[in-house]
Amino acid sequence: MRHFTFRHQPPSPLRTAILGGLGAMLAVAAIGLTQDLAGLTMLFAPLGATCVLVFGVPASPLSQPVNVVLGHALAGVIGVCAHLALPDSVWIAAVAVGLAITGMAIFRVTHPPAGATALVSYAGAQSAAFLAFPILSGAVALVLLGTAYHRLTGTTYPAKPPERA
């Protein structure tokens, strides 16, 4: 039973935890303000989960810019295409999530919040324009804000690629 309750995540220093939460709060506020001023939708629920990765665990491979942007983009394309092909089917929504996970793994851009992007795209997409606003605009804005914030706070993001052998 212990394997269900054991916390595998190492303890987080208080400063790291506070900086992560503050960064996410500022990024969501900045994107929300931008969308209000521009009159465009840029915030959508999966970006909240992306904030957990970009600001909470910025060194994770799943948090890196290519994973954030391409993971959301791929999942969004799959969700929108599924919606346009066969709307109102729980089975097709399930297929869209499965295909998004498979595609992200094949292209090595796995980003867990993008699983939700496939589902949100399927359920809420009225057109392919949904890919631009909010999916791509939100993901790119979050990467840019995350990069700037981490530089200001002295945290490394994005992670440096390994040296070539």
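Aspartate 88 is exposed, at 77% relative accessibility. Exposed here means over 50% relative accessible area, buried under 20%, and partly exposed in between, with a 1.4 Å probe and protein chains only. Aspartate 88 is found in the loop between H4 and helix H5 (90-107). Its phi is positive, about 65 degrees, although the residue is not a glycine. Helices are DSSP runs of H or I with at least four residues, numbered from the N terminus.

Arginine 108 sits in the loop between H5 and helix H6 (113-124). Its phi is near 60 degrees, a positive value in a residue other than glycine. Arginine 108 is exposed, with a relative accessible area of 71%.

## Model and confidence

This is a predicted model, in which local features need pLDDT of at least 70, side-chain atom pairs count only at pLDDT 80 or more, and totals for chains, interfaces and linings use all residues. Residues are numbered from 1 along each chain as its sequence is written, and side-chain values use heavy atoms, with hydrogens and water left out.

The pLDDT is the predictor's confidence in each residue, from 0 to 100. The protein has a mean pLDDT of 95, and 99% of its residues reach 70 or more. Confidence is lowest in helix H1 (residues 2-5), at a mean of 91. It is highest in H3, at 98.

## Helix H2

Helix H2 covers residues 14-38, 25 residues in total. From its first C-alpha to its last it reaches 36 Å. That is close to the 36 Å expected at 1.5 Å a residue; the expected span is 1.5 Å times one less than the number of residues. Just after H2, glycine 39 takes a positive phi of about 70 degrees.

The buried residues of H2 are Leu19, Gly20, Gly23, Ala24, Ala27, Ile31, Gly32 and Gln35. An α-helix has 3.6 residues a turn, so residues three or four places apart point the same way. The buried residues of H2 pack against H3 and H7.

Rings of Phe, Tyr and Trp (its six-membered ring) pair if their centres lie within 6.5 Å; planes under 30 degrees apart count as stacked, over 60 as edge-to-face and the rest as tilted. The count comes to one aromatic pair. Phenylalanine 55 and tyrosine 149 form it, edge-to-face, at 5.7 Å centre to centre and 70 degrees between the planes. The pair links distant parts of the chain, 94 residues apart. Phenylalanine 55 belongs to helix H3 (residues 46-56), tyrosine 149 to helix H7 (residues 132-153).

Phenylalanine 55 has a relative accessible area of 3%. For tyrosine 149 the value is 11%.

## Cysteines

The structure has zero disulfides, taking a disulfide as a pair of cysteine sulfur atoms within 2.5 Å. Cysteine 51 is buried, at 4% relative accessibility. Cysteine 81 is partly exposed, with a relative accessible area of 47%.

The peptide bond from phenylalanine 133 to proline 134 is cis, with omega near 25 degrees. Proline 134 is found in helix H7. The bond from tyrosine 157 to proline 158 is also cis, with omega near -5 degrees. Proline 158 lies in the segment after H7.

Serine 137 is in helix H7. It is buried, at 14% relative accessibility. A polar atom of its side chain lies 3.3 Å from the backbone oxygen of proline 134. Leaving aside neighbours within four places in sequence, serine 137 is in contact with Thr41, Met42 and Ala132. Contact means heavy atoms within 4.5 Å.

## Leucine 62

Leucine 62 occupies the loop between H3 and helix H4 (65-85). It is partly exposed, with a relative accessible area of 29%. Its C-alpha is separated by 6.0 Å from that of threonine 110, 48 residues apart along the chain.

Neighbours within four places in sequence aside, leucine 62 is in contact with Leu53, Asn67, Thr110, His111 and Pro112.

Technical notes
Helices (H or I, at least four residues) and strands (E, at least two) are DSSP runs, numbered from the N terminus. A polar contact is a pair of N or O atoms within 3.5 Å; within protein, one must be able to donate a hydrogen and the other to accept it, and residues adjacent in sequence count only if both atoms are side-chain atoms.
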